[in-house]
Amino acid sequence: MAESVLFQPGRIGPVETTNRIVRAGTSETASGDGGEITDNLVEIYENLARNRVGLILSGHMFCHPRGRYATRQTGIHDDAMVPGLTRLTSAVHRHGGKVFAQLAHAGSQSRVPENRPLAPSPVPNALTGRMVEAATAAEIAEVIEAFAAGARRAVRAGFDGVHVHAANGYLISEFSSALTNRREDEWGGTARARDRFVLEVLKAVRREVPAGMAVTVKLGLQDAVPGGMALDEGVRRGEALAAAGADAIEVSCNAMRLPSDSAKEYVAVGPGRALRDLLLHRLLSAPHPEAYFLPAARELRKRTRVPIILVGGMRLPTTMETILERGEADFVAMARPFIREPDLVVKLAQGRRGPVECTSCNLCLMHESHHSLRCWRVPRRRLLEHAIFRLRGGLREAHRPHSSR
């Protein structure tokens, strides 16, 4: 039997991977209070590398203090972070793995109450309701330099590449969408002016990264908010990023209203799976289809040959293989499945043909900012722990709207 296309070597710029399976960036809530690397976080990454994940994209790391999204998020905002980040990359490299540092700035989507976020225009964030003032020209220049400085630290820490987060409602997404970018200066007013911020970030990062490292972008191609950025604008922006030196583009959504806009619930979960995993409320509902960002990836593929990393609800090996065989993407990425099964790649290599164990219930996302990364469905006692925590009001604080701020 021929080897699955999933296990063919891949290439992103100068970086070679042993297979086409990527662990997508996942919010881990596993860093220290100051954003520093912990033993727990190193263990998460080492376990993924030990279990043959082809490429690990780090959880989004804030490159500037004002760009911090949540408590216990990993930081790459200060030189003091470099020794811990070096521990993390060394743990991955011990097992022959590859890891990219995902640089991010949360913009108005920051959930840190005492933070003073940054945004292109004074528009309430669609996800959090948080209101901010328009960034000044000096603040824009400062944050572009913060991305560059984050890239320099990633180089010193030994990462194999830098992944720029330009999706999911964070700062770069806000500059990209006419819903959130109401500026009439060189940073907004037209679609091409809205290109400028992400292109300047990419150029600044590219200048700091040596030839042996990759620079990639997670790009929101379309807003999930009604009346927002259309797909054709996002695809054209992806083409521009490829021309400006992006080694690969991970396809995602742009501005969001709900966390499930970028992480759909109950993907490929039929009645049988729902019953086995105690999802009784899903027994009579149709499962959400797989590969929900594939239509956007197909449009981007028409405009550029830069490698595409497809994330978004791939749960069956046949789905992943078909996408790669058709050339609709060059890599398949998953986040939630690796929380429940860090050894998923090994199982696939051994011939597993059934769906991943993850039911996309999103309990892991609900506990972001509260508990370190874990699946709340296994072992079963965690479901009870989740229920007790929720009944006691534990989930309210970190995820309340910021409309009064």
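Colleague: How many residues does helix α3 have, and what span is expected for it at 1.5 Å a residue?

Modeller: The model is predicted. In it, helix α3 runs over residues 137-157 and has 21 residues. From its first C-alpha to its last it reaches 31 Å, close to the expected 30 Å. Just after α3, Gly158 takes a positive phi of about 90°.

Colleague: How many disulfides does a search of the whole structure find?

Modeller: The search finds 0 disulfides. Cys63 is in none, and the nearest cysteine sulfur, that of Cys253, is 20 Å away. The cut-off for a bond is 2.5 Å.

Colleague: What makes Cys63 count as buried or exposed?

Modeller: Its relative accessibility is 3%, and buried means under 20%, so Cys63 counts as buried.

Colleague: Why is the pair of Trp187 and Phe197 called edge-to-face?

Modeller: The ring centres are 6.2 Å apart and the planes stand at 70°. Planes over 60 degrees apart count as edge-to-face, so the pair takes that name. Trp187 lies in the loop between α4 and α5 while Phe197 lies in helix α5, so the pair ties together parts 10 residues apart in sequence. Trp187 counts as buried, at 7% relative accessibility. Phe175, Trp187 and Phe197 form one aromatic cluster.

Colleague: Which residues lie over the faces of Trp187 and Tyr45?

Modeller: Arg196 lies over the face of Trp187, at 4.0 Å from the ring centre. Arg23 lies over the face of Tyr45, at 5.1 Å from the ring centre. The distance limit for such a contact is 6 Å.

Colleague: How do you know that strand β8 is largely enclosed by the rest of the structure?

Modeller: In β8 (residues 214-220), 7 of the 7 residues are buried, so the strand is largely enclosed. Ala214, Thr216, Lys218 and Gly220 point one way, Val215, Val217 and Leu219 point the other way, and all are buried.

Colleague: In what sense does β8 pair with β7 and with β9?

Modeller: Strand β7 (residues 161-166) and β8 pair in the parallel sense over 6 bridges, with Val164 opposite Val217 in β8. β8 and strand β9 (residues 248-252) also pair in the parallel sense, over 5 bridges. There, Gly220 stands opposite Ser252 in β9.

Colleague: Through which helix does the chain cross from β8 to β9?

Modeller: The chain passes through helix α6 (residues 231-243), and this β-α-β crossover is right-handed.

Terms used
Residues numbered from 1 in each chain as written. Predicted model: local features only at pLDDT ≥ 70, side-chain atom pairs only at ≥ 80, totals over all residues. Heavy atoms only, no water. Helix = DSSP H or I, 4+ residues; strand = E, 2+ residues; numbered from the N terminus. Expected span 1.5 Å × (residues − 1). Buried < 20%, exposed > 50% of the residue type's maximum accessible area, 1.4 Å probe, protein only. Phe/Tyr/Trp six-rings, centres within 6.5 Å; stacked < 30°, edge-to-face > 60°. Lys NZ or Arg CZ within 6 Å of the ring centre and 35° of its normal. Pairing = 2+ DSSP bridges. Right-handed = clockwise from strand over helix to strand, strands pointing away.
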